[in-house]
Amino acid sequence: MKWRLIFLCIFCFILGEALFAQTDSLKTSQYINSGELTQLPDSLDKAIREAEHKKNADLFYNLGVDFFARGDIGMANLYFLKALNINSAHSQAKNNLNLSIRYSPDADLYPEHLFLVQVLYKVLDFFSVNRLAIFVLIFLFLSALALCWLLFYDPEKERALPILVLALCLIICIASSITLGIKLHHQKHNPNAVVILNQTNLLSPTSNNVIQTVHSGLIVKIVQSENNHYLVHLPNGQLGRLKKEAVKTVIGS
Amino acid sequence: MKKTILLIMLFPLMLSALKIDLSVNKYVISTNDQLEVTLKITDSDRIKVVEPTPPSIPLFSFRNMTSGSSSSVVFEGTKLVSEFSETFRFFYFPLKTGKTTIPSFQVKVNGRFYSTREINIEVVKGTSKAPSQSAPSYPNFGAFGFDEPDSWDDREQWIGDSFLLAIPQEQTIYRGFPTIVSYYLYTDEMVRSFNLENEIDSDGYGKSTYEQPSVLNYENVNLNGKQYKRALIKRLAIIPNKEGRLQAPILEGYARLYRFSYSNKTLRSEGGIINVLPLPKNNVPASFGGAVGDFKISYSLSRKELSLGETITFTLKIKGRGNFNQFSAPEFASGKGFQVSTPMVIDNLKAGIEGERTYYYTLIPQDKGSYELPELSFTWFDNYSGSYKTYRSPKEMIKVSSANVLSYFNRLRQSKTPKAMLPKVVKKHFPPYVPYVQQPWYWILVLLIFAFSLFVAFFALDSKMKRDNPERYASLKAEKVLLRYLKPATLAAKNLSLEFYPLAEKALFEYLASKYKLSNRLSTKEKLQALSQENIPDWLLEEIQLFLNHSQAARFMPESERAVNLDEDLNRIRKIFNGFTRLGKNKHNRSTK
């Protein structure tokens, strides 16, 4: 019993450090007062290089705020998306992106999701890659403990409870692992891109007919890359082609 | 009564903000002019309009149509007022003089049909003269104006000249003030189309496209006493960033002429010289942040009384023409009692130089009481007066009361619909991002958990066997002991060491002790007697006895015989252990049967 307790303490100590580190990086951001709006273009260039090198969500977010203050909605949305790609639980980036979308000329292209779908998206966003990794670790450990409980359970008693607990822990652990794998894959192969030109024409997928005009900041999903065009899905599901120079991808530097 | 019911039924429609307006540029139009029919649909919500078919107008020939959409969102107090509009423009050429009517036609808006009004038009013979324009900054050309047009069918027009002229809107401007340069094609030939091929830039300015028509829209002008037709090719917005004589971009392209057959004529724009003056260096206000333009500033405040937890939206509007892309948001002076967010910027600008920019600041009160709103100042250089101007927001007193239940709910509602841009995150250190799953400590922990699980499972299975089948457990334990002791005994036998006998003897008694719980305190004879009571076969007891005798004798054995006896006794002890193992298995099988 004593050894088990010691082992548990050591495990909690190791795990605790990681958990607190996660909390720290997500929640202890301090806000500056107003006025820190603009930087010189040179420093902005430097900031872009630093952010692309470090791939830090806060740095991407700060770039988004900078570009928004300059009125460049396309680049602002791109950097907010880059921040969310690294950390989907980045609440400030989510807030600013929503605001930017709300006031964009293409706001009506974004569909209004059902309440339950919105909740599901929020839950998925809350579980960022790092949070999911910790979640998997916790439930793996709980599964081990549940297994231990089951194996040392009094044979005279009904074993339904430890079996249920073990099954639940294992199911959550496996589901979290699968979600983590999908999120990691999405992080590396994010198909989202942002229109960066003030306005550009969305061409038909099969011809050069103009379907509609789209504006800076519109978030599209790249389906396929062609010679000079991307085949894209608009947020409302409309399929069309956009010139490659009109959009920037989230995973590109 | 019926009328009243009808009015009540139509009341919701009257409340609707949907407006459909049909207008024309002229009610009396000359034969050399063109008719522009504008259909504008506006609503407070987003609208879906099916592109209308251009109406057929007697005496007119339809030429082309354009369409556009716009939207604006304005805070009026706490209310968000939005306007969305779709505009369709139809262009017609008059064919004959006379009176005609634009017939009513249907427009489908948001799935419903609406009819336009009829408009009466009169076409007269072209005799009107357009007002004169300012002179271009092209040294060889004087002022020009509209004049009687000549017919395109006139053969004399077929031999003539065509050229491109760049005409800046202002010839002398201050550095940073944007001006618009218009590029016109002047011709007295039959130019059917113009292809723009190249734009040659020089130093000292930034540029953006202000307007680029898709068709050649001719008007008649008089230049240096000669009649020309001219059409706008392009308008560029130029923002000078260097003082002195500035050359606007030079456009190159070719005109496609018709002289019995088609031919191309390469053209290059001339003119476009702008004198750029430096900004005065004296009396520059401290708050000047580089804004140059012709601006009108206005502000609005969402409320003056609020509770803790609620916010105020301060809206600053900058309207006019200027270098909007080269200045940042004005800052509030540091004041007591409010935290001010980074402003949200909404631009409604044409080519980035003309239109309206709106800054939305969110002010959050930090304590209850009456506070003076911090001052917001914006300084710019006015191009036309040649002086610096400063706008200061008027002093406003804000009353902040204690938080209440309503303000709490307001905050909940506000959190759902964000109204302010959140500021940047400030940290001392931004570590590079490496997912936890790509870090070694993560996988060490996973391995530890798996190792822990395996250990626990093994231990639990062991305990389970001890609990459920103690005999089998004891047998397995005995076999382990046997293996443990027999190993060194076998090694000693191979090395012809006399250590074999004590090791084998010890292994045998340890095994018997663990299997039959025989005490080590008993003598060899007593142990054998105890074993005989455990239903051990006689041959096995005899073999044990024989081995123990050999063990006793081995202590006095000559070295030459040792090899033969050791080998024989090693086989014997193995036979004994196998006998016990088989005995155990038979017993186990019997018990399971």
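Predicted model: local features only at pLDDT ≥ 70, side-chain atom pairs only at ≥ 80, totals over all residues.
1. The buried set in H8(A) consists of Pro162(A), Leu166(A), Cys169(A), Cys173(A), Ser176(A), Leu180(A), Lys183(A), Leu184(A) and Gln187(A).

2. The length of H8(A) can be checked against expectation. This helix covers residues 160-188, and at 1.5 Å a residue its 29 residues should span 42 Å. The end C-alpha atoms are 42 Å apart, which agrees with that figure.

3. For chain A as a whole, the secondary structure amounts to 8 helices and 8 strands. Of the 253 residues in this chain, 45% are buried. When contacts between residues at least 6 apart in sequence are considered, 59% of those in chain A join residues at least 24 apart. Chain A has an accessible surface of about 13500 Å², and carbon and sulfur atoms account for 62% of that area.

4. What separates their sulfur atoms from a bond? The sulfur of Cys173(A) has its closest cysteine sulfur in Cys169(A), at 8.6 Å, which is too far for a bond. A disulfide would require the two sulfur atoms to be within 2.5 Å. By this rule the count over all chains is 0 disulfides. Cys169(A) accordingly takes part in no disulfide, its nearest cysteine sulfur being that of Cys173(A).

5. Phe115(A), Leu116(A), Val119(A) and Val123(A) make a nonpolar surface patch of about 420 Å². Within this group, Val119(A) is placed in H6 (residues 115-126) of chain A. Val119(A) counts as partly exposed, at 35% relative accessibility.

6. Is Asn85(A) buried or exposed? With 14% relative accessibility, Asn85(A) counts as buried. Its contacts, leaving aside neighbours within four places in sequence, are His186(A), Gln187(A), Asn190(A), Val250(A) and Ile251(A). Gln187(A) in this list is one of the buried residues of H8(A).

7. Lys55(A) sits in the loop between helix H2 (41-54) and helix H3 (57-69) of chain A. Its relative accessible area of 32% makes Lys55(A) partly exposed. Lys55(A) and Asn85(A) are 30 residues apart along the chain, and their C-alpha atoms are separated by 9.9 Å. Not counting residues up to four places away in sequence, Lys55(A) touches Phe60(A) and Ile86(A), and also Tyr433(B) of chain B.

8. Over all chains, the structure holds 28 salt bridges. One of them pairs Asp188(B) with Lys226(B), whose closest N and O atoms are 3.1 Å apart. Asp188(B) lies in the loop between strand E14 (179-187) and strand E15 (191-200) of chain B, and Lys226(B) lies in strand E18 (residues 226-240), so this pair ties together parts that are 38 residues apart in sequence. Asp188(B) is buried, at 9% relative accessibility, whereas Lys226(B) is partly exposed, at 34%.

9. A further salt bridge joins the side chains of Glu199(B) and Lys234(B), with 2.3 Å from N to O. This pair links distant parts of the chain, with Glu199(B) in strand E15 and Lys234(B) in strand E18 of chain B, 35 residues apart. Lys234(B) is buried, having a relative accessible area of 6%.

10. Sequence neighbours can also pair: the side chains of Arg467(B) and Asp468(B) meet in a salt bridge at 3.7 Å, N to O. Arg467(B) is partly exposed, at 40% relative accessibility, and Asp468(B) is partly exposed too, at 48%. Elsewhere in chain B, salt bridges that share partners connect Glu543(B), Glu568(B), Asp569(B), Arg572(B) and Lys575(B) into one network.

Notes:
Residues numbered from 1 in each chain as written. Chains lettered and ligands numbered in written order. Heavy atoms only, no water. Patch = residues over 30% accessible without salt bridge, like charges linked within 9 Å, V, L, I, M, F, W, Y side chains within 5 Å. Areas by Shrake-Rupley, 256 points an atom, 1.4 Å probe, with all protein chains shown as cover. Salt bridge = Lys/Arg side-chain N within 4 Å of Asp/Glu carboxyl O. Helix = DSSP H or I, 4+ residues; strand = E, 2+ residues; numbered from the N terminus. Buried < 20%, exposed > 50% of the residue type's maximum accessible area, 1.4 Å probe, protein only. Expected span 1.5 Å × (residues − 1). Contact = heavy atoms within 4.5 Å.
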